Amino acid sequence: MQMQRSKAALEEIKRASTPDPVDGRQHIDIQTEEYLEELKEKPEEVQQETQTDPMLDRPPTPLYVPTKTGRDADTQVLDGELFDFDTEVDPILDVMVGKTLEQAMLEVLQEEELEAMRAQQSQFDQRRKEEVLETQRLEAQERRKYEEKDRRKKQEAARIQREKATREKLKSRLHAKAFHTNLESHVFAKLEDEGWFRDPVRTEVELGFMPWVMAEAEKELDKCRKARALVDLLIREAVCKPVV
C-alpha cells in the first residue's frame, strides 16, 4: 500500500509536469521500472494458520552426589571404652554450676548496680528539682528587687518632680507676692503722674485760676513798668531842663 501511494504521488508529480497532449494524441500510464508489477485495486490476501507446542515445566534439578573416593573401613567400640558418664559428668557439672553461679552473681551485681543507678538518678533528679526551685526563687527575688528598685526610682523621680513643681510654685507665689506688694502703690503713683487721679479743685486752680492770676499779675507788672518808665522819663527831663 505504501508503494502504491508512493507511485501515485510520483505519477501526480509527473502528470503535473507533463504538458497537455496535442490534437489526435493522449497520455497513458505505463510502468518504466525494471521489474513489472501487476497493478490491482485490492491486493491479494491469504490466511495461514500454525500450531505451537504447549509450554513444558522444567524438570527438577537432581541432587548433587559427589564421587566416592578412598576405601571404606570400620572398627568396634565396646561399652565404657570411650565415655563413662559418672566420670565425665563431674567436670561438666562443675562448669555448669560455676557458670550458673557466676551468671546469678552477675545478675545480682547488675541488679544492685541498676538499683544504685536508680537511687543516684533519683538523688540527681531531686537535686535538680531543688536547684530549679532555688533558681526560680532567686529569679523571683531578683525580679522583686528589680521591680522594687524600679518602683523606688519612679517614686523618687515623682518626688523630685513634685518638689520641683512645689519650688516653682513657691517661687512664683513669692514673686507674685513681692510684685503685688508694691504694685498697687506703683500703679496708683503712675496713674496719678499721668493725671488720672487729680483733685478737681487743684486742677481748676492749676489750669484755670493760676494762669489767670499770672496773666493779671503780668498786666499789673507791665503797667508798673510803664509807669516807672514814665516817671524816669519825667525825672530825666526835669533834671536835664535848665533852670531859668
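Helix α3 (residues 200-240) has 41 residues, so at 1.5 Å a residue it should span 60 Å, and its end C-alpha atoms, 58 Å apart, agree with that. The expected span is 1.5 Å times one less than the number of residues. Keep in mind that this is a predicted model, where local features need pLDDT of at least 70, side-chain atom pairs count only at pLDDT 80 or more, and totals for chains, interfaces and linings use all residues. Numbering runs from 1 along each chain as its sequence is written, and side-chain values use heavy atoms, without hydrogens and water.

**Fold**
- The chain has three helices and zero strands, in the order α-α-α; these are DSSP runs (helices H or I, at least four residues; strands E, at least two) numbered from the N terminus.
- α3 bends by about 35° at Phe-209, with Pro-211 following within four residues; the bend is the angle between axes fitted to the seven residues ending there and the seven starting there.

**Confidence**
- Mean pLDDT (the predictor's confidence in each residue, 0 to 100) is 81 for the chain, and 90% of residues reach 70 or more.
- Helix α1 (residues 2-17) gets the lowest mean, 64, and helix α2 (residues 85-193) the highest, 88.

**Surface**
- Met-214 sits in helix α3 and is exposed, because its relative accessible area is 54% and the cut-off is over 50%.

Methods: Buried < 20%, exposed > 50% of the residue type's maximum accessible area, 1.4 Å probe, protein only.
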